[in-house]
Amino acid sequence: VTTEKYEKKLTLNIGITDYKTFIGTNWSEHSNELMRDGMQIGDRSAYLSNKIGVSSVLKTKDNFITFIKRSNSVSEGKGKVDGPGGHPEPSNAVKRLNSSNKYNIGGELDLIKNPLN
């Protein structure tokens, strides 16, 4: 994330990743080595898969807060209580702009994948 001095502009430099790659890099027994290798080229995250996640707080009209219980079949936070959320699927979340390496995130996103499981 970078911000230009005196400008109200936020730039996110992102690429496409998926949950499987995130678990295979960031949760790998070699994740510390991957970070050290990245630091050699000036970016400790260069060889990691840092995903974008979305979480929310939903307050009902009668002043209750909505929570979900995470599935026991996920890799992180098994069976834990969480707020509704999810992540954009790479195939649905990103639309390539022209022939540049810039992406436009938008359109219809399926952000919540069956949160009641």
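Mentor: I65 belongs to strand β5, which covers residues 65-66. Strands here are DSSP runs of E with at least two residues, helices are runs of H or I with at least four residues, and both are numbered from the N terminus. The model is a predicted one, in which local features need pLDDT of at least 70 and side-chain atom pairs count only at pLDDT 80 or more, while totals for chains, interfaces and linings use all residues. Residues are numbered from 1 along each chain as its sequence is written, and side-chain values use heavy atoms, leaving out hydrogens and water.

With a relative accessible area of 41%, I65 is partly exposed; buried means under 20%, exposed over 50%, and partly exposed in between, with a 1.4 Å probe and protein chains only. Leaving aside residues up to four places away in sequence, I65 touches V57, L58 and K59, where a contact means heavy atoms within 4.5 Å. G83 lies 18 residues from I65 in sequence, and their C-alpha atoms are 8.9 Å apart.

The loop between β4 (58-59) and β5 holds N63. N63 is exposed, at a relative accessible area of 56%. Its phi is positive, about 65°, although N63 is not a glycine.

As for the setting, the protein has three helices and ten strands, in the order β-β-α-α-β-β-β-β-β-β-α-β-β from the N terminus on. Of its 117 residues, 10% are buried. Among contacts with a separation of 6 or more, 42% join residues 24 or more positions apart.
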